[in-house]
Amino acid sequence: MATGPEEASQRGNMARPWLRLELPQEERVQALLAEMTLAEKVGQTHQIHNLDPGSDRELIASGGIGSSLMASGATAGNERDEGVRACAVNAAQRIAVQESRLGIPLLFGRDVIHGHRTVFPIPLGLAATWDEDLVRRAARLAATEASADGVTWTFAPMLDISEEPRWGRVAESLGEAPVLAGRLGAAMVRGFQGEVLGGPGTVAACAKHFVGYGLVGGGRDYETVQVGENTLRNVHLRPFLDAVRAGCATVMAAFTDVDGVPMHAHRRLLRDVLKGEWGFDGVVVADWDGVGQLVAQGVATDLRDAAAQAIAAGVDIDMVSGAYAAHLAELVESGQVPLAVVDDAARRVIRLKIRHGLFEHPYVAATTSAPQPWPQSRLLAREAAAASFVLLTNKGTLPLAPDTGRVLLTGPFAQEGEALLGTWTLDGRGEEVASPASAIQTLLRGEAVIDDGRFSDQTMHLARQADITVALVGEHPSRSGEAHSVADLGLPAGQLEVLRAIAALGKPLVVVVFTGRPLDLGEVLDFADAVLVAWHPGLEAGPALMETLFGERSPGGRLPMTFPRSVGHLPSSSLARPTGRPIDAARDPAAGRYLDALVVPRLPFGSGLTYTTFSYGPLRLSATEMALHGGSIQVSIDVTNSGERPGREVVQLYLRDIVADVTRPLVELADWVSLVLDAGAVGTATFTITPEQLAYYDRTMTRRIDPGEALVTVGPDAAGGSCARITVTD
Ligand code: GLC
């Protein structure tokens, strides 16, 4: 008897229970795994670069591949490619779903790091907003746009904690503080994955690079990492745990080693901690050829050995090395790798695909993302860019008045577009960037003088004629990102000399610094009339900058990384822990540190000015003691906008465990509250302190909270504030 499509599909689903939505997720996963051959299981662990529905047809149809990485190459953030196309994704997907034996859909991954077609500030700039909701909204839009082009998996957020501005990848990070990176990273995960992964416009997120990559020696990318497990647990693992708790679907292993053990073979951290202790049931993906690189790291004799070590350590998907596809089946058949280990990897990949709804919705709608960013997405990009700016100094010159006279806009970024998108911009287009030059002309109705950007002698001529100079300087994104570390933190060659010469004219000089890292701005901070850090602010760089410089918006960003006095001062961050000496630290905390330089950072973590001023009232505590179990203390402080303009104050709470089983940070960010206050208004920042915020791992790697004293500091940055002692009672 002919059966309708409904009956056929029901009969089909009875034969394929993994397609039956009414079944519990794990039943569906198990049902499919039970049907899979060893070759098909290995196929799910195999990922290649830019899968092609033509040349890779047989590989797809045989179930020999589980996912594709759509990228320009091994360091995708540095080279552009032709972009992603829904039609190509759908073509490959149709082969997988309709021609392979089990019809398992493919995952399509891409580095959507800070926007897709609508490009937001680089992650370090997003971190400078200290705004979880804004970061979540940006990730949400990025996911909507990327999924419209067929992307189902992004390799973000990057959660590497680093106090090393020489390292080019700090541009992709969310800063030096575990609590800031953890909360903003979790917000990104929620943005990418939506309330439920698999809903419309969602992509699987990926917390990377697990773990300790930000500790590369000398800030040189890929360098070896020396760190103990205590610091890993009390600093570097924390944002990853936040991401896992936020439901992050995947985690990427780091290229680097931890004290001699490469992360792609680090069974203790991947399998025992991430998957065991934390109960992570998602997918661990290798970084690009990370499995194959175990040979170069000198811990594997060949690709077969590398495959055996990586799968045993808990790396579920081999990104592009081909080691799993070439050797896993034989390693299982020879008994060297238990089948259960491959089952675990395949199960996790299948679970992700079922969680993602790919069996129900394997294809992307025919239309790709908008041909250009929608107006409302540009507004979000502008909001994020403006929120990322950090005002470092201001001698009253900013905000500029529209009738401020003849304004010269100069510097290598004055007419830039593409470069303002920053590193790891794969699908943004330079020609779509609203440049500073166009923005200032719009604002000043063509009255601004725009220099040719070559910072030449013509610049001096124009500066002499102008009433004020706005110099847009800093580093090109080709100096930040992967494989782009630097040994010197000064401004790129030539910029300081011209800035100094302009300043010598004695007219107001406003310096805007575009950068992917903290820089040693040295004397610029002294001779300029105002300095604003703008990171690489993305699509709406120009309007966001001009609205800020001319007072339509007030800068509200705060430094997510310390700006050191010089490269010689590194490491220099808010992660510092107490030492046994200087002998009389109370009298001179810097004694014995450097004989030839001041020690305190040039600009502390959390700092940033606004166009107004804030004054803090006394610290108020609901109590000075709290019970170890279930206790809490309310801390509040009144903040007055004591200036003439509205502004945003980021009130920061730092804690210090006075006596612990191991040395604990002198000031560790524990929480923050943003207050937006009109001139003269008073706001109250209220925090709830709990013993949990003092938890740490001790000498035995046991997580604990000690009864005893702690120091509470509330203020505008890590350099100081109002303090009070509290006691945790057992
Ligand atoms: C790169 C990066 C990683 C990225 C991956 C895929 O080498 O280390 O962050 O997600 O390869 O492009």
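How many cavities of 30 Å³ or more does the structure hold? The structure, a predicted model, holds four of them. Residues are numbered from 1 along each chain as its sequence is written, and side-chain values rest on heavy atoms, with hydrogens and water left out. In this predicted model, local features need pLDDT of at least 70 and side-chain atom pairs count only at pLDDT 80 or more, whereas totals for chains, interfaces and linings use all residues.

Rolling a probe the size of a water molecule over the atoms shows where empty space is left. On a 1 Å grid over the protein atoms alone, a cavity is a set of points where a 1.4 Å probe fits but cannot get out, while a pocket is an open set with protein on both sides within 12 Å along at least five of seven lines; lining residues have an atom within 4 Å of a point. Grid points are joined across faces, edges and corners, and a volume is the space filled by probe spheres set on the points.

The largest cavity has a volume of about 130 Å³. Its lining comprises 17 residues, and A74, D111, D287, W288 and W424 are the closest to its centre. By class, this lining contains 10 nonpolar, two polar and five charged residues; here Ala, Val, Leu, Ile, Met, Phe, Trp, Tyr, Cys and Pro count as nonpolar, Asp, Glu, Lys and Arg as charged, and the others, Gly among them, as polar.

The space of the largest cavity is that taken by the ligand, where a molecule is said to sit in a cavity or pocket if more than half of its atoms lie within 2 Å of its grid points. The ligand is surrounded by 15 residues, the closest being D111, R169, K208, H209 and D287; a residue is counted as near if one of its heavy atoms lies within 4 Å of the molecule. This shell consists of nine nonpolar residues, one polar residue and five charged residues. An N or O atom in the side chain of K208 is 2.8 Å from a ligand oxygen, a backbone N or O atom of A74 lies at 2.9 Å from one, and the side chain of E482 places an N or O atom at 3.0 Å from one. Taken alone, the ligand exposes 310 Å², of which the protein buries 100%; such accessible areas come from the Shrake-Rupley method with a 1.4 Å probe.

The second largest cavity holds about 90 Å³ of space. Among the residues that line it are E40, Q44, R101 and L106, and its lining divides into six nonpolar, four polar and two charged residues.

The largest pocket contains about 1500 Å³ of space and is lined by 47 residues, with S573, A576, R577, R593 and L666 nearest its centre. Helices (H or I, at least four residues) and strands (E, at least two) are DSSP runs numbered from the N terminus. Helix α9 (229–236) and strands β20 (647–657), β25 (708–717) and β26 (720–729) each supply at least two residues of this lining, and α9 provides the largest share, five residues. The lining comprises 28 nonpolar, 14 polar and five charged residues.

The second largest pocket has a volume of about 540 Å³. Of its 24 lining residues, R238, D242, R245, E692 and R703 lie nearest the centre. Two or more residues each come from α8 (178–193), α9, α10 (238–245), β21 (668–677) and β23 (696–697), and α8 gives the most, with five. This lining divides into 12 nonpolar, three polar and nine charged residues.

Several backbone features complete the description. K208 and H209 are joined by a cis peptide bond with omega of about -5°, and H209 lies in strand β5 (residues 206–210). The peptide bond from R581 to P582 is also cis, with omega near 15°; P582 belongs to the loop between α21 (541–549) and β17 (614–621). Y222, although not a glycine, has a positive phi of about 75°, and Y222 lies in the loop between β5 and α9.

Methods:
A polar contact is a pair of N or O atoms within 3.5 Å; within protein, one must be able to donate a hydrogen and the other to accept it, and residues adjacent in sequence count only if both atoms are side-chain atoms.
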